[in-house]
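Q: Can you take me through this model? I'll ask as I go.

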Amino acid sequence: MSLSPAEEKFIKRAIGNNTLEKLEEKLRPERASRAGFLGQEDFLVSTLLEDRATMKKVGVSYTELAKVIYYLTNGWYMKKMKVDQGNDFVYKKQLAVTVYRTMGPQRCPFDDVGLGWSMILVEKLETYDESQKIIKERKDKLKERKDDCSDVILEHLIKTKNNIILTELSPHLIYRHKFFEGKGTPYRMEPAVLIEWFKLGKASK
Ligand SMILES: [Zn+2]
């Protein structure tokens, strides 16, 4: 793949002091995390550049999107609501948000200060009743399977496909590394979907 000077600069900034090959390997499943930040078939450079093109097309900055996600995953709202394991809130009457504490912290795979403890499941809702139903279902599931929160979330994701998994690390990955994770991982954050759901850019009008 031949890159323009601007693209090269973008990639260099995103990956920091890492070498591309080593980092790409580390991002695959069973390395820096069990599920991986890239699927087996994903490539880091093309993932970063495709998402960059999407961001340009929709006219939303990485910072703007990361801020909203930071608000949901790390912000004052969490503290105010005393949101913890299995607790939920509804964001702007449209998204059901559930927080799960993970068994241990996930370090940023790009090897810097980034660190996250929580997983945050965001589901799009059509009605208030639907949100209550989803929240109840999830609480029941969590009671059944207290031992492994990530499995509960992954099962749920495969079943419904109408949700996005974020983590405490998500805003850092987006802001600092311009990275939404690879299409081959369940933790992929589809930028166009995030922007539509959070009503940013053109979707806000
Ligand atoms: Zn990082």
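This is a predicted model: local features need pLDDT of at least 70, side-chain atom pairs count only at pLDDT 80 or more; totals for chains, interfaces and linings use all residues.

Q: Where else is phi positive in a residue other than glycine?
A: E30 has phi near 65°, and E181 has phi near 75°. Most residues other than glycine have a negative phi.

Q: Where do E30 and E181 sit?
A: E30 is in the loop between α2 (20–26) and α3. E181 is in the loop between α8 and α9. Helices (H or I, at least four residues) and strands (E, at least two) are DSSP runs, numbered from the N terminus.

Q: E30, buried or exposed? And E181, buried or exposed?
A: E30 counts as exposed because it has 8 C-beta neighbours inside 10 Å. E181 has 27 inside 10 Å, so it counts as buried. The cut-offs: a residue is buried if 20 or more other C-beta atoms lie within 10 Å of its own, exposed if 12 or fewer, and partly exposed in between, with C-beta atoms placed from the backbone.

Q: What about R31, where is it?
A: R31 is in the loop between α2 and α3. It counts as partly exposed, because it has 13 C-beta neighbours inside 10 Å.

Q: What does R31 touch?
A: Leaving out residues up to four places away in sequence, R31 touches E25, K26 and G36. Two residues are in contact if their C-beta atoms, placed from the backbone, lie within 7 Å. R31 and P109 are 78 residues apart in sequence, with their C-alpha atoms 9.2 Å apart.

Q: Back to α8. How many of its residues are buried?
A: 6 of the 8 residues in α8 (residues 170–177) are buried, so the helix is mostly covered. The buried ones are S170, P171, H172, L173, I174 and H177.

Q: What covers them?
A: The cover includes α1 (5–15), α4 (62–74) and β4 (163–167).

Q: How do α4 and α8 pack?
A: Their axes are 8 Å apart, at an angle of about 165°. Axes are lines fitted to C-alpha atoms, for helices over the stretch in contact, and angles run from 0 to 180 degrees between N-to-C directions. The two helices are therefore roughly antiparallel. Angles under 35 degrees count as roughly parallel, over 145 as roughly antiparallel, 65 to 115 as roughly perpendicular and the rest as oblique.

Q: Which residues make that contact?
A: On α4 they are Y62, T63, L65, A66, I69, Y70, T73 and N74, and on α8 they are S170, P171, I174 and Y175. By class, that contact of α4 with α8 has 8 nonpolar, 4 polar and no charged residues. Ala, Val, Leu, Ile, Met, Phe, Trp, Tyr, Cys and Pro count as nonpolar, Asp, Glu, Lys and Arg as charged, and the others, Gly among them, as polar.

Q: And what does I174 touch?
A: Not counting residues up to four places away in sequence, I174 touches Y62, L65, A66, I69, F179 and F180.

Q: How many residues are in the largest nonpolar core?
A: It has 38 residues, and those with the most contacts inside it are L65, I120, L166, I174 and L194. Such a core is a set of buried Ala, Val, Leu, Ile, Met, Phe, Trp, Tyr and Cys residues joined through C-beta atoms within 7 Å. The largest share of this core, 5 residues, comes from α4.

Q: How do α1 and α3 cross?
A: The axes of α1 and α3 come within 11 Å and cross at roughly 115°. These helices are therefore roughly perpendicular to each other. The contact is made by E7, F10, I11 and A14 of α1 and V45, L48, L49 and R52 of α3. Those residues divide into 6 nonpolar, no polar and 2 charged.

Q: Last one: how many helices and strands are in the chain?
A: The protein chain has 9 helices and 4 strands. Of its 205 residues, 34% count as buried.

Notes
Residues are numbered from 1 along each chain as its sequence is written.
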